[in-house]
Amino acid sequence: MGPFFNRIAVFSVAALFLGAWLVPALAESAEEAGNASPVDEAMAILEDEALQPAERRVRIQALLNENEEEADLWTAYGEALEDVDEAELAMMAFERAAELDPERHTPWFRMGLLAKRGTPSPDLEKAEEAFRNALETGAPRARTLNELAVTLALQNRMQQAVGYWEQAIEEDPEWGVLYNNLFRAAANLGDEALAERHVDAAIQAERFEENAILLYGEYLAGRGKFPEAASVYRRAVAEHPGAARLRYYFGVALEEAGELEEAEHQLRAAMAIASEADDETMDVMQAAHFGLFRIQHPQAEGRFQNARRLVFEEETNTNRARRNLERAIRELTPLVQEHPEFWNGFFVRGVANRRLNNREEAHRDFRRVLELVPNEPNATMELALMKRDEHEFEEAAELADRAVELAPRDPIFAINASLIMIEADRCERAWELYRAAMRMVPEEHTAFLREELEVRCP
């Protein structure tokens, strides 16, 4: 990766779209409709949010026991099994539905999704066959073509996948997710012309997908094509002026292209939009703030980066690590005095102080960060960890909950917060956070936390 990637935070870009099949809404419940068919009853049960998933499964199974040759009941039963995480049994139910009525597209489509996701491992050949059968039997074309293309891409059959994504775009040119997936394939193939053919349609799509433009822009920037990346962002911002993230990346591309005045303008705009939005754009505001500092004070930014490396680079020698932390504090102190609004400097100095057990100074630094940026998640979590170390568990738990609220997609936050909740005797919340972390990282990374929970929060 080039310097572009080393100097900015790269926000995650969604790659695939896996939606849930929606059953038709019914005007009345099965109980109200005395002549409802078993299939209608099953559909009503699936839609009844008042029922627990396990109860939905039992009720549909009871209907199925009396109507074992009804294909649509097997399909409904498969969906109920999916809801209780019985993927293998669900697959068997969909297979039985397809056997009874091979002209129904829904079981084929559900089989494709299950095979692609894989329990315990994906079966991509089976998924491909199922999606092809779903297309032949009348499944919604855009969505099924997308799933088929994803399946082929996972088999590294990228050129074939591109063909199906382009077919899907013909079917539904307003669905932005399709452009996102197509641009990912274009980046994989190094086919810039492919992405350029579709970028304007992606920008103008009714169901616009911001990540598609970010992905293509990142691709161009990674190849050092900053003016070209800026051109893509310019077109996107013109169509979507309220998109803070697009403006941020536009500003960074302009900075790299040497257009500093306009870069400042776009970064300021990104900050202004993000400050009025929800916590989902907090990272944009922080990154834009740092980008402005980098442009306006390049020498100070260089000093900051040197100090930051001293704090965060791994050092196995204890004495040398301590000297690095002390040196970082010496370098950061005059910097934050010169730039008292530069919260990044206070944060990094706070981390150094915490590691040196300068607790009062660390508290002061992190509190200063939150004075400048009240919703800064990292400083919030650092304070939570310090309160835990000081056995002030209730305050630690409140701060940890706030940090997770501010950074809900960070598994490290969820894990640290769960450990804090254990200390605060908030076991139910600790288990919730463990499950949240499990959805974000492989199980082996949370095994130690589960062991702790099983001992202290059985």
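Arg234 is partly exposed, with 38% relative accessible area (buried means under 20%, exposed over 50%, partly exposed in between, with a 1.4 Å probe and protein chains only). The model is predicted: local features need pLDDT of at least 70, side-chain atom pairs count only at pLDDT 80 or more, and totals for chains, interfaces and linings use all residues. Residues are numbered from 1 along each chain as its sequence is written, and side-chain values use heavy atoms, with hydrogens and water left out.

**Overall layout**

- The protein has 25 helices and zero strands; both are DSSP runs numbered from the N terminus, helices being H or I with at least four residues and strands E with at least two.
- Along the principal axes, the C-alpha atoms fill a box of roughly 80 × 55 × 40 Å.
- Of the 458 residues in the protein, 49% are buried.
- Ala229, placed in helix H13, is buried at 0% relative accessible area.
- Ala447 belongs to helix H25 and is partly exposed at 32% relative accessibility.
- The C-alpha atoms of Ala447 and Ala321 are 29 Å apart, and the two residues are 126 residues apart along the chain.

**Salt bridges**

- The structure holds 42 salt bridges, a salt bridge being a side-chain nitrogen of Lys or Arg within 4 Å of a carboxyl oxygen of Asp or Glu.
- One of them joins the side chains of Arg234 and Glu262, at 2.8 Å from N to O.
- Arg234 is in helix H13 (residues 226-239) and Glu262 in helix H15 (residues 260-276), so this pair ties together parts that are 28 residues apart in sequence.
- Glu262 is partly exposed, at 25% relative accessible area.
- Arg450 and Glu454 also meet in a salt bridge, at 3.0 Å from N to O.
- Both Arg450 and Glu454 lie in helix H25, four residues apart, about one turn of the helix.
- Arg450 is partly exposed at 34% relative accessible area, and Glu454 is partly exposed at 41%.
- In the salt bridge between Arg364 and Glu360, the closest N and O atoms are 3.7 Å apart.
- Arg364 and Glu360 are about one helical turn apart because they sit four residues from each other in helix H20 (residues 359-372).
- Glu360 counts as exposed, at 59% relative accessibility.
- A network of salt bridges links Arg354, Glu382, Arg388 and Asp389.

**Disulfide**

- One disulfide is found in a search of the whole structure, where a disulfide is a pair of cysteine sulfur atoms within 2.5 Å.
- Cys427 and Cys457 form this disulfide, with their sulfur atoms 2.1 Å apart.
- The link of Cys427 and Cys457 is left-handed, with -70° about the S-S bond.
- The pair links distant parts of the chain, 30 residues apart: Cys427 is in helix H24 (residues 427-438) and Cys457 in the segment after helix H25 (447-456).
- Cys427 is partly exposed at 25% relative accessibility, whereas Cys457 is buried at 3% relative accessible area.

**Negative surface patch**

- Asp83, Asp85, Glu86 and Glu88 gather in a patch of negative charge on the surface.
- Patches are made of residues with over 30% relative accessible area and no salt bridge, like charges being joined within 9 Å and nonpolar side chains (Val, Leu, Ile, Met, Phe, Trp, Tyr) within 5 Å.
- Asp85 is in the loop between helix H4 (71-83) and helix H5 (87-100).
- Asp85 counts as exposed, at 70% relative accessibility.

**Positive phi in loops**

- Most residues other than glycine have a negative phi.
- Asn357 is not a glycine, yet has a positive phi of about 65°.
- Asn357 lies in the loop between helix H19 (343-355) and H20 and is exposed, with a relative accessible area of 52%.
- Asp425, also not a glycine, has a positive phi of about 60°.
- The loop between helix H23 (411-423) and H24 contains Asp425, which is exposed at 66% relative accessible area.

Note on methods
Areas by Shrake-Rupley, 256 points an atom, 1.4 Å probe, with all protein chains shown as cover. Lys, Arg positive; Asp, Glu negative; His and termini not counted. Charge placed at Lys NZ, Arg CZ, Asp CG, Glu CD.
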